[in-house]
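I opened this notebook page to record what I looked up in the structure. The entries follow the order in which I consulted the record and then the coordinates.

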Amino acid sequence: MLLLGSVIVAFGALVAIFILGDQPRFRGTWIHSLYLTLTRASGRLTRWVGIILDENPAVGSLLRWSVPVFYCCIVTFCIYLFFANVYGKLPPEIKGSLFHHLWIFMSIACVAASTTMVTFVDPGTATASNVDLATSLFPANGLIFFEKRCSTCNLQKPARSKHCSTCNKCVLLYDHHCLWVNNCIGLRNYRWFMAYLVSNINMMFNGGILCFSELRYQRHLHYQNWGWWALITRTTEYNRIAGILTILTALFVPITSIFTILHLRYLYLGITTNEAGKWGEIEHLVGLNALVYIVEKGQYAERATMRDADGSFTRAYLSLDDEIVLFTEKEESRYTIRRIQSMETDLDNIYDKGFWNNFKERVLTIAQI
Ligand SMILES: [Zn+2]
Ligand SMILES: [Zn+2]
């Protein structure tokens, strides 16, 4: 138990560092160093795997599909274990309740439907016929998105889109590439992704409650003086399985809930997973007093210090998209330079329309592109 607990805590800490380690407040700390080491290692591993997969497309496809197949097998196996062992031993008030039967059926049906949809619905691909409309709907903001072309698809890149090297296409309103469903999460399937998270939480929560009800009922019937751990480990097979399923759901409901809350926070902020890191970079520049707005150029820039060939230092203003020197301190007096002091008061996220509108746009409305 101690070993299992340590592994779970270590895994949780690594996941937390992976998700939050790039926050500006952690810069210069051991958390950020560990984050950099982890991302470098995972980048190297991804590149290494990518090279192997590029050379063997059939192996690549097989490996990518193995994760969703593994997930489906695990879920199906747990549902089978529940019906084969736990269901028959539930208290009579649950076994005789139409509400519980409907809840069980709906929970499984919702997971099956949302998994199918998020896996197979096109996330929203940029094509020659929709790219103009997409670019007008998602204009560049000059801070984290710029007017660019995708060199692979040879198409204009609408803001908020990204070329996914795994799916080999530009995905509109790109959130992330999800290994669990072997699909990108984007404009057209984000709602199914949220449904997938919520329906998994609901099914695990429902399953956990039922398994715990079985344990409580069996303890009440036959093992009143037994401890919970002894009840799970030393009595019957069905109590053991109900115990394992209760522990599993008690672990995975909070993990999946934290992930869902993170996505609700992104919806509240009007950003995607992909954009969280980009806004983090902007916040870092603001924290360093290095982000400025050049009025005459209508452009944001990074103020940096460059070392000249003779060893002296010059202040330079770099464009945010490709870090080209726009001008140096010698031409500074020609421009009106406004220092960005606060993310909240000096910058505007043009993609954020307020939580309810963001939620409606990304989760409730069927995209017309
Ligand atoms: Zn592309
Ligand atoms: Zn993808």
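The entries below concern a predicted model, and they pass from record annotations to helices and then to strands.

**Entry 1: annotations.** I first consulted UniProt, where an unreviewed entry places the feature "domain: Palmitoyltransferase DHHC" at residues 147-278. I then examined that stretch in the model and found it to be 60% helix and 14% strand, with its end C-alpha atoms 16 Å apart. The unreviewed UniProt entry also places the feature "transmembrane region" at residues 65-86, 98-121, 193-212 and 241-264.

Entry 2: I looked up residues 65-86, which are 100% helix and 0% strand, and noted that the end C-alpha atoms lie 31 Å apart. Residues 193-212 are likewise 100% helix and 0% strand, and here the end C-alpha atoms are 28 Å apart.

**Entry 3: packing of H5 and H7.** I asked at what angle helix H5 and helix H7 pack. The angle between H5 (residues 98-120) and H7 (residues 190-222) is about 150°, and their axes are 8 Å apart. Angles over 145 degrees count as roughly antiparallel, and H5 and H7 are therefore roughly antiparallel to each other. I recorded their crossing as left-handed. On the H5 side the contact residues include Trp-103, Ile-104, Cys-110 and Met-117, and on the H7 side they include Trp-192, Phe-193, Tyr-196 and Asn-206. By class, this contact of H5 with H7 has 12 nonpolar, seven polar and no charged residues.

**Entry 4: the sheet.** I next traced an open sheet of five strands, in the order S10-S9-S8-S7-S11, with antiparallel pairing. Strands S10 (325-328) and S11 (337-339) each have a single partner strand, so they stand at the edges and one side of each is left without a neighbour in the sheet. Neighbouring strands of this sheet are turned by 40° against each other on average, direction ignored.

**Entry 5: strand pairs.** I followed S7 (residues 291-294) to S11 and found antiparallel pairing over three bridges, with Ile-294 opposite Ile-337 in S11. S7 is also joined to S8 (residues 299-307) by four antiparallel bridges, and Tyr-293 has Tyr-300 in S8 as its bridge partner. S8 is joined in turn to S9 (residues 313-319) by seven bridges, again antiparallel, and Thr-305 has Arg-315 in S9 as its bridge partner.

**Entry 6: turns.** Which glycines take a positive phi in the hairpins? In the hairpin of S7 and S8, with four residues between the strands, I noted Gly-298 with a positive phi of about 60°. In the hairpin of S8 and S9, with five residues between the strands, Gly-311 has a positive phi near 90°.

Key
Residues are numbered from 1 along each chain as its sequence is written. Chains are lettered from A and ligands numbered from 1 in the order in which they are written. This is a predicted model: local features need pLDDT of at least 70, side-chain atom pairs count only at pLDDT 80 or more; totals for chains, interfaces and linings use all residues. UniProt positions are given in the numbering used here, feature names are shortened, and annotations may be inferred rather than shown by experiment. Helices (H or I, at least four residues) and strands (E, at least two) are DSSP runs, numbered from the N terminus. Axes are lines fitted to C-alpha atoms, for helices over the stretch in contact, and angles run from 0 to 180 degrees between N-to-C directions. Angles under 35 degrees count as roughly parallel, over 145 as roughly antiparallel, 65 to 115 as roughly perpendicular and the rest as oblique. A crossing is left-handed if the near helix is turned anticlockwise from the far one by less than a right angle, and right-handed if clockwise. Two residues are in contact if their C-beta atoms, placed from the backbone, lie within 7 Å. Ala, Val, Leu, Ile, Met, Phe, Trp, Tyr, Cys and Pro count as nonpolar, Asp, Glu, Lys and Arg as charged, and the others, Gly among them, as polar. Two strands pair if DSSP finds at least two bridges between them.
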